[in-house]
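Here's a quick briefing to read with the model open beside you. Have a look at the structure, then go through the points below.

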Number of protein chains: 2
Amino acid sequence: MPEVLVISRHAQRFAELIEARQLPGLEAHYCEQSEEALQHCDGAEILFGAPDCIAPVLAKCPRLRWVQSSWAGIKPLLECQRRDYRLTGVKDIFGPPMSEYVLAWLLGLERQLVQHATARHWDDTTKPGLAGKTIGIMGTGSIGSHVAGTCKAFGINTRGLNSDGRQQAGFDACFPLSRIAEFATNLDYLVALLPDTSATDNLLDAELLSHLKPGAIVINGGRANCIVEGDLVAALESGQLGHAVLDVMRQEPLPDEHPLWAVKNLHITSHTAAPTRVESIIEIFCDNYHRYIAGEELHYPIDFDRGY
Amino acid sequence: MPEVLVISRHAQRFAELIEARQLPGLEAHYCEQSEEALQHCDGAEILFGAPDCIAPVLAKCPRLRWVQSSWAGIKPLLECQRRDYRLTGVKDIFGPPMSEYVLAWLLGLERQLVQHATARHWDDTTKPGLAGKTIGIMGTGSIGSHVAGTCKAFGINTRGLNSDGRQQAGFDACFPLSRIAEFATNLDYLVALLPDTSATDNLLDAELLSHLKPGAIVINGGRANCIVEGDLVAALESGQLGHAVLDVMRQEPLPDEHPLWAVKNLHITSHTAAPTRVESIIEIFCDNYHRYIAGEELHYPIDFDRGY
């Protein structure tokens, strides 16, 4: 039976949940850090855990056949030279929490939640809600598609942006990257849910923001590389943007003294948009483990070249 | 052709929208206040407008046959003795804005929107979201049913409460008023969307609140009569409730010096939950006007005895 090496700062919780499943023939070592894992590299055929913990030991596992990532962001592994193994990711579990995140902010901003939450006198002025507005979602995979479907439940029109404009569930229309200006024209809301690849670098720049409806809301729940921070701040300061919500930053954690904290109408949510439920990750690993020992196709395989 | 008397503080906007529709044979007078309307009462066969503006002239319209309310809250008309006319209300237009309101608060509180909106340093602690939680909605008409359906989109379990426990769309289960304790047991969220009737008076009292899960969230988007304010405040202060959100108060506008403004974790939203879109109201009136002159059934008739 294959030896499994688990590396995660949640190693103890992983161990409890995995051992409770009584996987057939499982022999696993659980480590919280890469250094601790080194002693178990020789025998490991399967690695399971956080990409940034696995990357440092990747070259040191001669028997390696399969890596199951416990996170959506797999860039540390893609940046390693080694590619002679199967890499699987986690998908279909971030749609619901990301929908919560995006709708929390759209509803919160449009329905003036902060003002009402701290109100000390009667004020019955209202502004229009979400119904009839138009959202553009960059990234139409399982997460973007889930968010789009949730937006439809609120009567929001949905546009998607992807590489070739292929139609995806939840979207009224999808645009290819070559028609990004048309995609962005007159959007009330722009949401980025993109993977970190060279194709997504700096996509949200002054040019793109200039196409949005004045006072639009921008939300980034994906990766930080797509945002040109200076352009975003300028658009907020000029009023071209009403609000921006950033879950991810090029530097994390963002230091207390960083000037972005002080930008008006910029909200920084400290990488909490789609928290990973440990139970869901373990479910994916155990299901794929059964498939692996049965010689079946694994779920959520990553294509090293595409990067997702 | 029937003479129409419109009384609303939005009379001018109503006039623009109605006249643009060129209703067949329409002869209408538009007044902003009851006093101004008195001179037109003699000929009025149809009254259209705000119940509190119509009530004072109701007895003074000898030819009256039909009243179309421009609001959901029709109590001022139900309290008049006169009942020899057809009364129609407005329905099916408050579901979407009420869903926005309820979800804005559930998402905002669970996803810690206020903290994030005002954050000045990195904090990536998270708490579980809405998926898997259980909501109880008191009132399962068109508004409650819409809110329940929207909750389902977020993976929330939905219980409804109505007079006889009849099943309604959007709800996993509906309970009759006689089983209200069972309905409330272990709820994460309790939302009241009830009409103001004697059957709903003081339903939300200490006894009912004691059945909820500790730290539950209570939202009242209906009418104020169902809340025992003292019990609600006590439950907030003891921690039995995590948060309460009240859109409606027994006294409106709530004066600045009222002690409720200062209660921790109590949020008062100044009767903004489901703002009426004038266009939707006019649509209902014009449709019913066509039906009236054609001798057809009117939409949204009110039963004087049931009160809705």
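Predicted model: local features only at pLDDT ≥ 70, side-chain atom pairs only at ≥ 80, totals over all residues.

Residues are numbered from 1 along each chain as its sequence is written, chains are lettered from A and ligands numbered from 1 in the order in which they are written, and side-chain values use heavy atoms, with hydrogens and water left out.

**Where the chains meet**

- Chain A puts 44 residues into the contact (heavy atoms within 4.5 Å), and chain B puts in 44 residues as well.
- About 3800 Å² is buried between the two chains, 68% of it on carbon and sulfur atoms; buried area is the accessible area (1.4 Å probe) that two parts lose on being put together, summed over both.
- E100(A), R111(A) and W122(A) supply 22% of what chain A buries against chain B, more than any other three residues.
- There are 2 salt bridges between the chains, each being a side-chain nitrogen of Lys or Arg within 4 Å of a carboxyl oxygen of Asp or Glu.
- R111(A) and E100(B) pair up through their side chains in a salt bridge, at 3.2 Å from N to O.

**Around R86(A)**

- R86(A) sits in strand β5 (residues 86-88) of chain A; strands are DSSP runs (E, at least two residues), numbered from the N terminus.
- R86(A) counts as partly exposed because its relative accessibility is 38%, and that class lies between buried (under 20% relative accessible area) and exposed (over 50%), with a 1.4 Å probe and protein chains only.
- Leaving out residues up to four places away in sequence, R86(A) touches R65(A), W66(A), V67(A), Y292(A), E296(A) and L298(A).

**Nonpolar cores**

- A nonpolar core is a set of buried Ala, Val, Leu, Ile, Met, Phe, Trp, Tyr and Cys residues joined through side-chain atoms within 4.5 Å.
- The largest one has 99 residues, and V102(A), F285(A), V102(B) and F285(B) have the most contacts inside it.
- A second, separate core of 35 residues includes L161(A), V218(A), L232(A) and M249(A).

Key
Helix = DSSP H or I, 4+ residues; strand = E, 2+ residues; numbered from the N terminus.
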